[in-house]
Amino acid sequence: MTITKGSVLELGSGLGSTLMLHGLCGSTKRQLVTIESDEAWMLKFINYGRSWHTFRKVDNYIDLPEYKQEWGLAFIDHGNTGDMNASLIRGHSVIELQETPILIIHDTCWPWLYNYDEALKLFKYRWDWRVKALDCPQTSAVSKTINVSKIFAEFGL
């Protein structure tokens, strides 16, 4: 958030990401768009809606108009919507959003499950946050232009 500018896209709402992004975007006056396919899950967060934080319910994540927009940062942690299996849908989103300065991608410890293998090859820079119990990256930051490893190293990570 501190090294990017512009609006933030969140694909899939969550107890960690939505609340954190809401606070960060609110304090920095950045637009935040949260897209969710599970209406019941989205309703848990809808009260966080503001003029700068909008929510949108979708049936799938295949042809989102948001893929054609410019974003400063995007967070990918959405579920499976049934018309495209989980082994394809998140990797598809990563590929569609590859020109975003920084993507934060959850569950990269299972690249075969989300078709991340091919999608992550598109990026020059990658930093992984590892969960010791899993001994694999849980969440990754990737970029074509920003050395995310260097950024996180400055924070001692």
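Predicted model: local features only at pLDDT ≥ 70, side-chain atom pairs only at ≥ 80, totals over all residues.
## R90: a buried arginine

R90 sits in helix α3, which spans residues 86–96. Its relative accessibility is 5%. Buried means under 20%, so R90 counts as buried.

What does R90 touch, leaving aside residues up to four places away in sequence? The list is I76, D77, H78, H106, D107, Y114 and Y116. A polar atom of the R90 side chain lies 3.3 Å from the backbone oxygen of H106.

## K29: an exposed loop residue

K29 belongs to the loop that links α1 (17–28) and β2 (32–36). Is K29 buried or exposed? Its relative accessibility is 75%. The cut-off for exposed is over 50%, so K29 counts as exposed.

Now look at the backbone. Most residues other than glycine have a negative phi. K29 is not a glycine, yet its phi is positive, at about 60 degrees.

Where is N115 found? It is in the loop between α4 (111–114) and α5 (116–120). N115 also has a positive phi of about 60 degrees, although it is not a glycine.

The relative accessibility of N115 is 27%.

Technical notes:
Residues numbered from 1 in each chain as written. Heavy atoms only, no water. Helix = DSSP H or I, 4+ residues; strand = E, 2+ residues; numbered from the N terminus. Buried < 20%, exposed > 50% of the residue type's maximum accessible area, 1.4 Å probe, protein only. Polar contact = N/O pair within 3.5 Å; in protein donor to acceptor, adjacent residues only side chain to side chain. Contact = heavy atoms within 4.5 Å.
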